[in-house]
Amino acid sequence: MRIVRGDESDRATTQALFEVVRAADEADDPLGPPWSLRRLRGWLENPVEPAETWICGDETPGSVQGWYYLFLPERENLDRAYVNLTVHPAARRRGIGTALLRHAAGRAAGAGRSVLGSGALQDSAGAAFGVRVGATPGLVEARRVQVLGKLPAGRVAFLREQAARAAAGYSLVAWDGRIPEQYLAGYVDVGNAMADAPHEAGQEPWVWDVDRVREQMDNRERQDRRVYTLAALHDASGEMAAVTAVEADQDNPGWGYQLITAVTRKHRGHRLGMLVKTAMLDWLAVEEPALERIMTGNAAVNQYMIAINEELGYELLPPLAQSYELPVADALG
């Protein structure tokens with residue numbers, strides 16, 4: 001058993017990592033969305049903050065039995081490292097996960113981190129592994145899927161009309177790709193409104209500024225991601241009040257992924273969340289005609305956003321996702 005640094009720019013390596021992830025998902029999440037090689041390569045080759053890839057294999061060149069991706073935040077949460085660890089189903093129960101976790105803890109300790117964060121689907125091999133190593137469970141995320149073909153005729157139009165009446169005095173703007181310069185400051189305000197969304201105890205929410213938004217846009221371009229964004233502006237003040245964004249999976253065009261949906265505190269109570277999400281559906285029907293399903297996830301305690309999604313026909317996708325934390329020192333032991 002050898003653990004070596006992965007070369008994220010090597011296409012054969014990322015193909016092998018993808019095969020492990022795909023096999024694990026077929027075993028652990030058969031109802032979930034298919035993995036995209038393009039999206040995986042984008043994340044590995046262009047991380048938003050410092051990250052490392054480490055691979056466990058045998059003596060066979062190119063073999064991958066398991067691997068982890070270690071994310072080392074450099075702005076918030078400087079006491080933490082986040083690890084995504086995957087072992088091929090055929091190689092489980094051989095100590096590979098334990099070896100990878102210990103190795104990741106060593107890397108985290110070397111970077112001055114004291115806490116490892118991760119996540120797994122409930123009742124999966126990953127969840128059992130978390131219990132075995134003594135990780136503490138945190139937030140539960142409820143995954144939901146909107147099957148567009150199941151929406152009753154006229155449902156989106158009805159909900160959009162209702163929301164528009166409640167949101168009198170607001171106008172919609174939309175863009176694909178980069179955020180127009182005139183909207184950057186407003187987008188920062190909406191991004192920072194996410195700070196009051198449910199998050200792990202002791203975990204700091206991201207703090208957005210214009211430079212960070214520009215970095216994110218640059219990163220998305222390098223990752224070759226197709227993202228649609230729609231915002232509501234307050235007519236009287238010009239303030240950006242709400243934003244929603246959806247990413248279209250270019251490898252699997254039947255699938256999309258809900259990214260941010262947020263409303264600033266000052267402008268809540270006008271059904272702006274519903275307005276931007278229904279307007280997004282109308283836009284995607286034109287721009288992404290092959291789209292069939294949109295995946296989203298919300299903390300199980302986020303009843304406001306869950307209520308909106310259920311009105312829009314989102315259905316619970318089992319199993320739930322569970323976050324975990326483990327002191328680095330315990331993982332090293």
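Modeller: The largest cavity holds about 50 Å³ of space. A cavity is a set of points on a 1 Å grid over the protein atoms alone where a 1.4 Å probe fits but cannot get out, and a volume is the space filled by probe spheres set on the points, which are joined across faces, edges and corners. Bear in mind that this is a predicted model, where local features need pLDDT of at least 70 and side-chain atom pairs count only at pLDDT 80 or more, while totals for chains, interfaces and linings use all residues. Residues are numbered from 1 along each chain as its sequence is written, and side-chain values use heavy atoms, with hydrogens and water left out.

Colleague: Okay, which residues line the largest cavity?

Modeller: Its lining is Q146, V246, Q258, K277, M280, L281, I294, L312 and Y314; a lining residue has an atom within 4 Å of a point. Helix 8 (residues 272-287) gives the most, with 3 residues. Helices (H or I, at least four residues) and strands (E, at least two) are DSSP runs, numbered from the N terminus.

Colleague: And how does that lining divide into nonpolar, polar and charged?

Modeller: There are 6 nonpolar, 2 polar and 1 charged. Ala, Val, Leu, Ile, Met, Phe, Trp, Tyr, Cys and Pro count as nonpolar, Asp, Glu, Lys and Arg as charged, and the others, Gly among them, as polar.

Colleague: What about D123, buried or exposed?

Modeller: D123 is exposed, with a relative accessible area of 80%. D123 also has a positive phi, about 65°, without being a glycine, and lies in the loop between strand 5 and helix 4 (125-132).

Colleague: Switching topic: which strands does strand 5 pair with?

Modeller: Strand 5 pairs with strand 4 (residues 80-87) in the parallel sense over 3 bridges; two strands pair if DSSP finds at least two bridges between them. From strand 4 the chain passes through helix 3 (residues 96-110) to strand 5 in a right-handed β-α-β crossover. Right-handed here means that, with the strands pointing away from the viewer, the path from the first strand over the helix to the second runs clockwise. Strand 5 is also joined to strand 13 (residues 321-327), by 7 bridges, and those two run antiparallel. There, G117 has E325 as its bridge partner.

Colleague: How many residues of strand 5 are buried?

Modeller: 5 of the 7 in strand 5 (residues 115-121), which is mostly covered.

Colleague: Last one: where is P319?

Modeller: P319 is in the loop between strand 12 (315-316) and strand 13. The peptide bond from P318 to P319 is cis, with omega near -5°.

Definitions and conventions:
Buried means under 20% relative accessible area, exposed over 50%, partly exposed in between (1.4 Å probe, protein chains only). On a 1 Å grid over the protein atoms alone, a cavity is a set of points where a 1.4 Å probe fits but cannot get out, and a pocket is an open set with protein on both sides within 12 Å along at least five of seven lines; lining residues have an atom within 4 Å of a point.
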